[in-house]
Amino acid sequence: MDNGSLNNKSTRMRQEWDNRIKHDYRYWMSDGINDDDAMFTVGERDLSIILSDVDLIKAQDEIALELGCGVGRILKPLSRYYGKVIGVDVSLAALEKAQQLLDPAANIELFLGNGFDLSGIGDESVDFAFSFASISIMPVDAIASYLIELARVLKIDKILKLQVYLGRAQDTRAEDTLAIRSFDRQCFEDGCRRAGFSLLSCKELILPFEISDPQADLVAYMVALKKESTATIDKDELVRVFLPQGEPSDNQSWQGSKTEYMMAIACATQHMGKGQIVEAIKALEFAVSSYRQPEPEVCNILEQLKCRQQGGPESVSHNRFTVLDRFFNADYYEKNLRVIEEKFPELAKTLAAHTFSAQISVQTGESQLPVLVLRGFPLDQVNKPLASAQAWVDRSLAEARLGASNFVALVGVASGYHLNYLAQRNVQLKVIVEPNLDLLHAVLGIHDLSELLKGVDFLVTSSEELKKIKQFEEVLTQAELLIYPQTQALSRYFVDECKRIFWSTRGLKELRPSVAVVGPLYGGTLPIAGYLEMAFRQLNQRVYGYDLSCFMDGYRNLGKYFQSQKRIDALQSQYVELLSQMVIEGIEEKPVDLLVCVAQAPLSPKVLTKIREKGIITVMWFMEDCRRFTAWQQISRYFDYMFIIQKEPYLTMVESAGAGRAIYLPMACSPQVHTPLELSAEESARWGSDISFLGAGYHNRQQIFASLVQRDFKIWGTQWPTGYPFDKLVQEQGRRLDPKEYVKIFNASKININLHSSVERDGVEPNGDFINPRTFELASSGAFQLVDNRLHLEELFTPGKELATFADRHELEEKIDYYLAHPEKRKAMAAAGRERALKEHTYVQRLKDMLGYIYADRFAELSRKAAEGPWPKVLETAKNTPELLTRYQALYERGEDPTLNALVCDIQVGRGTLTDTEMKLLFLHHIKKLVGDVNDMRAGKITG
């Protein structure tokens, strides 16, 4: 194959992809998405597949390359992981659109490719490369050429991921720039090996819509390859390895891509389903202009649409039921809506005004029953939707714990076939949750659900409505949660929220796992272990705390006796191992179900491994900035759950480092500690000032606070410079304060500055993505705070209402002056902040969330462990002796085992005259000891 032939194909590829981009870049680049935000969300989904099994620990210092980047839907999220991202595409129109859509300041570099090489990218300069959907639709000689080039630019031992089709080699034409290329698997593996790669994995690719056709032996795979060497083959020979029979060409008889033609018609069909006539006409015009032999029916439909357009787009675009076509039943819809108007009036108003906005359409199969399709994904089995829905109901009810008093909370209406069948099975359907209003709207027009809806107590369509269910404990504790599989696949995060809300409440009522909380030796998170222990007790959980801070002096003192840092490090490591062993011995004595660790808890990998081997669920709340404190890279693999205070990309990175699950959980407050105080005149004088700051002296804080030296400003905390101006600002020699002193400062200060730390930036960190504990503690204390702008702050507090924010030093000083002059506004804002903190941001609420995630995954496991343990039988037996039952319950609450020794210990620290039960227990203990001594004497272990 000469370069002239490739150049001709390159010209064709560029022209055709430019035309597709100009027609509808979202449709040709994604899943037919209607807006950019949704397109990038799909990009996040696909990137999570691409990055599975990829080591991201050093990615911030590495270069990644995407071949066929299009408009950048995957490049955008990828740039959060890698230090530099290169996007290559043959379409100039795509790259121009990418430049509009992507942040110009991002670490993304775009290259206009020529369709067959990566010229301009250096040899062995790339750390990770991939192609998703693009390489599988290129002409085979372009695929071969690019694979050789990827072997050139990729570093040795680095990974290349490709979406490819394997199975039966497909009959495509070399001119087609959109048809899927499929290869015999052995031929493909041989070709990759000759190109310099070894095969690491080959996993079938599953997306929320059909991309494989097993009957045609056409299956999509995600292939991971490792670069072993440069290619030992040229592109022409590699084409013959991939496709021994070669890829035929139609030359002058080429009629155009049938794949492109059919996809354009599908695009038009989607637009017609939503009443978007102008867009449908545009898609059909694209179809017939690029294909030389369009069907007469398609041309007729195009003409009809053009005629209809002359009547004005309003005539169709406002038909809210066009998507359902002949399947819409106005009588059903009106009957359903009347019930909703009576029971859920606000939802009825929303539905009455609703027009379809998501990509939704209808398919029919053998049964001719309508199946709703969302973003190309059928929500029921197309050929037999009723039978498959009924089978799911039967299977779910067989697994569910439904009793006479229980009822069902259903998540997902899909196409609606399972709804009435649940009623036929005499199930009390009390809650329906559907996150997509389009689907609910459509189902109401397909099925008569009026009788079923009369028995429903909650019809939930949003996260805000879902949160309201929290206050209805009966619903949450009695309802069996059934989640329709397709809803789980399409609305993962919403479904996770449902599971957390339902299972946290049910778990707290039905489960009482024993919990160990392990805190750090020292540091800012030290008090938080105590807050967690207190919160677990408020939730009536069986908790035992390991406060290891008393061992800190010993840890530090090891450094007094040696000059060699290597020896000190080795001894301190052994010291930590000793503390770890102490914890595991404590767990042996007081068995637990959950081990909850605060960041920097001194537990060694060896001990954590042993703890997991005992079947204990290991949990870490990593309350540090993952960007700066990278211990999570080493410890994640030892924890079933890693809760972190940042969102993506760190959730994916932590899971890639080995965590069972990584979950976002922001910090909180402890209202028992962080509370408004009435201070004496002496306390106000000592702790009070116009302006205060509490925290360590990081660079950005020094840089901003130096300018406040002329104000009534007090700085509290450690690690501050001793020279001017901080010798005038830092209080009490910069000593470490305890939480009770924190709260006095909060209450005594008119303005509490809350500037998050940064060692990389001057002033405010513009991309700060975590909220520090001080934000919640100040709010709970009823204190006014000025906090620097943070990315996710508005999700937790309302700036301007519950706290004040600043973006730089200039705005900080402006707002200090303003709020010092307006004490009434400070007071109102502080009160609102406290109300929000107590309502949503306490450690009790965070632990409910934490346990909710765990219970959603492990409810059955924890229930089984509780049932198999000693306590159910002991408590049941003790019911005949009330005093004994009370004593056992006290042991149970403390997380101890039901032993005679434990009962006697409580008696020994009791007061008053011994009761009959106490004397009997002491007598039994005495006899038990006496019997043991006699047995030991007879065994020769002791002498008389």
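The questions and answers below concern a predicted model.

Me: How many aromatic pairs does the count come to?
Reply: Rings of Phe, Tyr and Trp pair if their centres lie within 6.5 Å. By this rule the count of aromatic pairs comes to 26.

Me: Is the ring pair of F188 and F242 stacked, edge-to-face or tilted?
Reply: The ring centres of F188 and F242 are 5.7 Å apart. Planes under 30 degrees apart count as stacked. The planes of F188 and F242 are at 20 degrees, so the pair is stacked.

Me: Which helices does the pair F188 and F242 link?
Reply: The two residues are 54 residues apart and belong to distant parts of the chain. Both are buried. F188 lies in helix 6 (residues 185–194), and F242 lies in helix 7 (residues 235–242).

Me: Which ring has the charged end of R774 over it, and which has that of R628?
Reply: The charged end of R774 is 5.2 Å from the centre of the ring it sits over, that of Y742. For R628 the distance is 5.4 Å, and the ring is that of Y698.

Me: Is V931 buried, partly exposed or exposed?
Reply: V931 is in helix 39 (residues 916–938). With F923, L924, I927, L930 and V934, V931 forms a nonpolar surface patch of about 510 Å² of accessible area together. Buried means under 20% relative accessible area and exposed over 50%. V931 has 45% relative accessibility and therefore counts as partly exposed.

Notes. Residues are numbered from 1 along each chain as its sequence is written. This is a predicted model: local features need pLDDT of at least 70, side-chain atom pairs count only at pLDDT 80 or more; totals for chains, interfaces and linings use all residues. Side-chain values use heavy atoms; hydrogens and water are left out. Rings of Phe, Tyr and Trp (its six-membered ring) pair if their centres lie within 6.5 Å; planes under 30 degrees apart count as stacked, over 60 as edge-to-face and the rest as tilted. Helices (H or I, at least four residues) and strands (E, at least two) are DSSP runs, numbered from the N terminus. Buried means under 20% relative accessible area, exposed over 50%, partly exposed in between (1.4 Å probe, protein chains only). A charge sits over a ring if NZ of Lys or CZ of Arg is within 6 Å of the ring centre and within 35 degrees of the ring normal. Patches are made of residues with over 30% relative accessible area and no salt bridge: like charges are joined within 9 Å, nonpolar side chains (Val, Leu, Ile, Met, Phe, Trp, Tyr) within 5 Å. Accessible areas come from the Shrake-Rupley method with a 1.4 Å probe; for residues, only the protein chains shown count as cover. A salt bridge is a side-chain nitrogen of Lys or Arg within 4 Å of a carboxyl oxygen of Asp or Glu.
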